[in-house]
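Subject: Structure handover

Hello,

Here is the structure I said I would pass on. Please look through it first, then read my notes below.

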Amino acid sequence: MLPTGVKDNPHRENNSQKVHPQPMEDAMNQNPEAVEALVSKIFAYISSLKSAYIQLQSAHTPYDPDKIQAADKLVISELKNLSELKHFYRENNPKPICASPQDSRLAAEIQEQQSLLKTYEVMVKKFQSEIQNKDSEIIQLQQLIEEANQKRVKLEKNLNLRGLSSKESEGSADENGYFPVDLTTDLFTATVEAAFKAIHDFSKPLVNLMKVAGWDLDAAANSIEPNVVYAKRAHKKYAFESHICQKMFSGFQQESFGIKSGKLMVNKESFFHQFLALREVDPLDMLGQNPDSIFGKFCWSKYLVVVHPKMEASFFGNLDQRNYVMGGGHPRTPFYLAFLKLAKLIWLLHRLAYSFEPNVKVFQVNRGTEFSEVYMESVVKNLIIDENAEKPKVGLMVMPGFWIRGSVIQSRVYLSGMKVAE
């Protein structure tokens with residue numbers, strides 16, 4: 001029942017409702033083309049932003065600062081486009097009081113894209129920071145490269161010497177210093193010891209190969225220096241060391257070491273410079289760079305006189321290695337590498353001898369010379385010397401002696417006809 005005086009009105013409920021602004025769905029229905037264009041722009045800008053981001057990533061591998069800068073500008077430009085689109089939309093489409101489900105979905109999608117844009121912004125800042133770090137690393141690496149190039153230039157000057165290269169060299173040191181070792185008598189003495197040891201070391205594989213090839217070592221030792229009376233049969237090894245010494249030191253007293261190299265003027269500093277340049281270098285590496293250098297000529301010429309053709313043929317069954325050396329080559333065989341170690345030490349000793357002012361003088365001791373403790377040293381230490389007997393005589397010279405700055409470096413000799421204490 002209705003209260004008295006109140007008329008039944010079928011539109012009562014509608015009249016009691018509040019009036020709302022026009023829903024978004026109606027607005028969209030009124031102008032669907034504008035909304036479609038707006039959404040299309042959003043997707044287009046986002047696609048462009050993705051493309052710019054991909055370009056930014058690709059510019060890092062390989063690292064290209066110019067491409068990174070261009071891609072960074074492109075990302076910022078696309079972000080600005082999206083920001084302008086957002087402001088344009090808000091200015092022309094105020095937020096409705098009530099939104100339909102479709103409006104909510106669209107708002108959620110927009111929110112998602114905004115979050116994605118924030119992610120891109122963070123990543124762009126990260127890339128910018130990485131770019132700055134890379135720039136700092138590049139500057140540091142450029143400094144290291146510059147330092148390495150300066151060292152390389154010094155090394156090249158060290159190697160480009162008259163004794164190590166066929167080209168003319170300056171042969172002088174500069175203020176940066178190419179002479180890290182002092183030129184002293186002790187340095188020369190140490191080099192003499194190293195050369196003596198090198199002769200001994202090379203004689204070992206030489207004698208071993210002779211044994212394997214079936215050589216009569218007694219007859220071979222006698223052919224080198226006949227009628228030497230050895231205290232022990234094992235002492236005949238000194239005959240082979242003497243042979244190596246005689247061949248390797250032939251021409252030592254000449255400034256050119258008997259190697260024809262044209263009319264090249266070499267001063268004291270250049271000789272010492274050459275000594276330092278080769279001192280710490282593998283001789284085969286040096287010859288690989290310049291096989292026709294003066295040092296290269298010295299090596300192959302000495303090899304041909306130290307190792308007899310018959311000896312080499314018995315060792316290897318052919319003369320292939322010898323023919324290769326005669327052609328100016330330097331084979332990488334174990335036997336030739338052992339020889340190069342010897343050749344390097346003798347060459348260094350010669351370079352050092354001519355670095356002094358005045359030059360170091362070499363002297364040899366002939367067979368039959370009376371033993372002198374001033375100028376000679378016996379390679380056998382436990383000799384039995386009879387004071388009433390005649391003075392011992394030299395049977396073999398195993399290493400020459402030297403005069404340096406008023407001092408004597410004794411020659412190494414083997415005394416013939418001596419007895420040794422057991």
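This is a predicted model: local features need pLDDT of at least 70, side-chain atom pairs count only at pLDDT 80 or more; totals for chains, interfaces and linings use all residues.

Contact here means heavy atoms within 4.5 Å.

Residues are numbered from 1 along each chain as its sequence is written, and side-chain values use heavy atoms, with hydrogens and water left out.

Two packed helices are described by the angle between their axes and the distance between the axes. Axes are lines fitted to C-alpha atoms, for helices over the stretch in contact, and angles run from 0 to 180 degrees between N-to-C directions. Angles under 35 degrees count as roughly parallel, over 145 as roughly antiparallel, 65 to 115 as roughly perpendicular and the rest as oblique. The crossing of helix 7 past helix 8 is left-handed, a term used if the near helix is turned anticlockwise from the far one by less than a right angle (right-handed if clockwise).

**Helix 9 and helix 14**

Helix 9 (residues 268–279) packs against helix 14 (residues 334–353) at an angle of about 155 degrees, and the axes are 8 Å apart. That angle is why helix 9 counts as roughly antiparallel to helix 14. On the helix 9 side the contact is made by Phe271, Phe272, Gln274, Phe275, Leu278 and Arg279, and on the helix 14 side by Lys344, Trp347, Leu348, His350, Arg351 and Leu352. These residues divide into seven nonpolar, two polar and three charged.

**The chain as a whole**

The protein chain has 14 helices and eight strands. Helices (H or I, at least four residues) and strands (E, at least two) are DSSP runs, numbered from the N terminus. The chain has 422 residues, of which 36% count as buried. Buried means under 20% relative accessible area, exposed over 50%, and partly exposed in between (1.4 Å probe, protein chains only).

Glu312 is in helix 12 (residues 309–316). Glu312 counts as buried because its relative accessible area is 0%. The side chains of Glu312 and Tyr303 are joined by a polar contact of 3.2 Å. A polar contact is a pair of N or O atoms within 3.5 Å; within protein, one must be able to donate a hydrogen and the other to accept it, and residues adjacent in sequence count only if both atoms are side-chain atoms.

Met418 lies in the loop between strand 7 (411–416) and strand 8 (419–420). Its relative accessibility is 13%, so Met418 counts as buried. Leaving aside neighbours within four places in sequence, Met418 is in contact with Ala231, Leu383, Ile384, Ile385 and Pro392.

Gln57 belongs to helix 3 (residues 32–58). With 38% relative accessibility, Gln57 counts as partly exposed.

Regards

Terms used. Ala, Val, Leu, Ile, Met, Phe, Trp, Tyr, Cys and Pro count as nonpolar, Asp, Glu, Lys and Arg as charged, and the others, Gly among them, as polar.
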